[in-house]
Amino acid sequence: MPLGEPAHAHAHEELPSREATRSPPPDSRLRSLNPGPIPIPAAPSSRSLVEKVSDQRVNLDAIVSHPSENGSISTVSSTVSSVESERASYEFLAQTPIKSTDAHLVEFSEAMRTVAKALRQVAEGKAAAQAEAAEWKRKYELETERKQERKMKDCGSCTDDDLGKLARQLTLETPASDQAGCCGNHGICSHEVLQDEVPGSNPRSSHKMVGRKASFRLSWGCNGNKNGQHKHDFVSFEKGDITTAERSNKQILLKWESRPQTVLFITKPNSNSVRDLCAEMVRWLKGHKNMNVFVEPWVSKELLTQDTDRNLVQTWDNDEEAKMLHTKVDLIVTLGGDGTVLWAASLFKGPVPPVVAFAMGSLGFMTPFPSEKYRDCLDNVLKGPFSITLRNRLQCYVIRDAAKDELEPEGPILVLNEVTIDRGISSYLTQLECYCDSSFVTFVQGDGLIISTTSGSTAYSLAAGGSMVHPQVPGILFTPICPHSLSFRPLILPESVTLRIQVPYNSRGHAWASFDGKDRKQLAPGDALICSISPWPVPTACLMDSTTDFLRSIHEGLHWNLRKTQQAFDGSAPSVDGAALTDLPSAGI
Ligand SMILES: NC(=O)c1ccc[n+]([C@@H]2O[C@H](COP(=O)([O-])OP(=O)(O)OC[C@H]3O[C@@H](n4cnc5c(N)ncnc54)[C@H](O)[C@@H]3O)[C@@H](O)[C@H]2O)c1
Ligand SMILES: Nc1ncnc2c1ncn2[C@@H]1O[C@H](COP(=O)(O)OP(=O)(O)OP(=O)(O)O)[C@@H](O)[C@H]1O
């Protein structure tokens with residue numbers, strides 16, 4: 001049979017002719033071997049057995065020939081091998097000396113049934129795998145098409161050369177190490193982001209527009225590959241090989257393509273040092289960098305006490321204007337602790353400009369920049385390029401039992417750390433039914449549950465026994481709070497899932513949801529919380545790079561695994577392979 005042709009087309013033609021030349025049909029052979037006086041009721045059953053097996057063969061081939069372009073060699077060969085196994089069964093049936101007893105025939109028919117069943121299972125397994133591969137391929141092709149359309153649309157301004165590069169990229173050619181220009185091969189342009197708007201926002205309300213936003217490009221660096229050349233992020237189907245995307249170990253760099261002009265200041269309230277520094281920084285940015293500065297409405301009233309300072313800044317008057325901030329602001333500067341970064345992120349329900357967080361709190365996991373060196377830090381950031389950490393957020397919807405099919409009109413609540421469902425002031429155990437996509441996960445009985453981002457893994461989730469997870473790891477943490485069970489361990493789920501946490505109808509009390517530790521909402525029996533990863537991450541500027549900053553935070557902020565080192569037997573301190581706490585690289589700024 002020629003390779004590449006459907007197996008079933010030939011299998012059916014070949015089998016009977018071979019059987020005809022080699023041996024008589026099984027039932028006639030059986031009859032000739034059983035001429036004795038004893039009636040043989042098993043003989044007809046032997047015939048029906050053979051018919052049944054060949055019927056099953058028809059079905060098997062129908063399943064195995066499921067249309068699929070990839071892996072055609074393995075597909076055909078697998079079909080051939082199952083047909084050949086069947087053929088061997090027939091030959092075995094034809095050649096086996098059969099004694100004239102009913103018991104033998106019965107035993108034999110049982111054996112054949114088992115063989116037929118095994119063959120069917122093998123073929124069905126292969127067919128399922130092929131169907132799955134075909135589905136993945138279809139999705140991949142759809143996605144490639146969509147990307148191509150989007151890129152073409154977004155690059156209306158690209159030159160022919162750029163479009164050629166883009167086409168090469170989309171046709172999966174390995175690019176040269178050229179990162180310059182619009183839509184470079186290893187990154188994305190901010191043009192795509194800049195065209196997005198928060199749904200429902202009113203462009204006419206942006207009358208305080210302060211000039212065009214600076215465009216920038218993101219590129220993915222690659223360890224050990226200095227020119228930035230790397231494989232594309234896709235799974236190869238054509239050659240039947242699956243390669244791992246290299247995205248996870250890359251540091252993202254932000255490079256300005258035009259000069260950033262507008263900074264938004266977010267400051268921690270009730271702090272004199274923050275107030276003083278804020279005023280000083282605003283003056284410096286205006287005087288030395290000629291930047292536009294936005295501050296929150298309360299800051300312009302309370303923090304900037306002098307009229308001269310107040311005249312240097314702009315603010316917004318209403319929610320509609322606040323919704324348009326992302327179209328004006330190039331950079332967010334935060335002065336405070338992690339709570340201030342959370343607050344800054346909460347102001348943006350859609351895209352978030354890059355955040356440069358200065359540490360003015362007690363811990364500062366997400367605030368790597370030393371406030372006393374703000375001039376050097378801001379100089380470097382405004383010049384670029386600089387590393388960023390793309391921090392995923394969770395989008396959460398509360399679905400009320402009374403209005404099951406309606407999403408909240410004000411849209412999802414976005415959290416950078418976590419959403420917590422707990423028992424509030426109730427003294428009863430919280431009972432929560434948890435589903436991941438449509439699969440049941442578990443029934444929580446305890447103080448509550450934390451659904452956390454990887455950035456939030458070092459906050460409440462850590463206190464409840466969850467793992468610390470690098471913020472670039474694509475996952476969602478599922479951490480119980482004081483579960484009344486010996487075997488409930490925290491989980492980390494893939495970022496692609498949607499979680500549903502439901503308060504059962506027969507729950508003894510209400511539950512409470514809180515979002516980054518704020519905005520508590522009561523959940524009555526029957527109410528549910530739905531959460532998944534939001535398409536709008538928070539890009540935070542790194543002092544060094546994502547990993548160095550993360551390790552520095554867990555060492556310096558949490559004193560992770562700090563312990564006096566055991567002495568060697570000779571009394572000297574053993575050498576430590578790797579950086580000790582005191583050896584951590586300095587800021588370099
Ligand atoms: N038992 C707990 O640990 C506990 C209880 C409630 C809330 N929290 C956390 O507090 C967060 C709200 O922070 P806030 O500053 O508005 O409140 P807050 O002022 O009460 O500070 C909470 C503490 O958590 C730290 N923190 C916040 N986010 C962090 C992060 N991503 N990694 C490491 N530490 C982090 C802050 O630096 C601060 O020290 C919540 O999102 C929650 O994660 C923790
Ligand atoms: N601009 C703001 N407007 C209103 N509230 C804010 C603002 N910035 C911060 N907050 C709130 O102030 C609280 C304290 O802020 P933050 O965590 O930054 O300071 P901190 O507690 O001194 O620092 P750390 O958490 O490192 O100890 C947080 O609950 C935060 O949500």
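**Reading the ligand site and the backbone**

Biologist: Which residue has a polar backbone atom 3.1 Å from an oxygen atom of ligand 2?

Modeller: A polar contact is a pair of N or O atoms within 3.5 Å. Here, an oxygen atom of ligand 2 lies 3.1 Å from a polar backbone atom of G339. The model is predicted, so local features need pLDDT of at least 70 and side-chain atom pairs pLDDT 80 or more, while totals for chains, interfaces and linings use all residues. Residues are numbered from 1 along each chain as its sequence is written, chains are lettered from A and ligands numbered from 1 in the order written, and side-chain values use heavy atoms, without hydrogens or water.

Biologist: What other polar backbone atom is 2.6 Å from an oxygen atom of ligand 2, and which side chain has an N or O atom at 2.6 Å?

Modeller: The backbone atom belongs to G337, and the side chain is that of T340. Of the 610 Å² of accessible area that ligand 2 has on its own, the protein covers 70% (Shrake-Rupley method, 1.4 Å probe).

Biologist: Which elements give two or more residues to the shell around ligand 2?

Modeller: Helices (H or I, at least four residues) and strands (E, at least two) are DSSP runs numbered from the N terminus. In this case the elements are β4 (262-267) and α12 (338-346), and α12 gives the most, with 4 residues.

Biologist: Which residues come nearest to ligand 2?

Modeller: Near means a heavy atom within 4 Å. Of the 17 residues around ligand 2, those that come nearest are K268, E296, G337, T340 and S362. The shell divides into 5 nonpolar, 8 polar and 4 charged residues (Ala, Val, Leu, Ile, Met, Phe, Trp, Tyr, Cys and Pro are nonpolar, Asp, Glu, Lys and Arg charged, the others, Gly among them, polar).

Biologist: What should I look for in the backbone?

Modeller: Most residues other than glycine have a negative phi, and most peptide bonds are trans. The bond from G384 to P385, however, is cis, with omega near -10°. P385 lies in the loop between α13 (374-383) and β10 (386-391).

Biologist: Where is C482 placed?

Modeller: C482 is in strand β16 (residues 475-483). Although not a glycine, C482 has a positive phi of about 45°. C482 counts as exposed because its relative accessibility is 53%.

Notes. A polar contact is a pair of N or O atoms within 3.5 Å; within protein, one must be able to donate a hydrogen and the other to accept it, and residues adjacent in sequence count only if both atoms are side-chain atoms. Buried means under 20% relative accessible area, exposed over 50%, partly exposed in between (1.4 Å probe, protein chains only).
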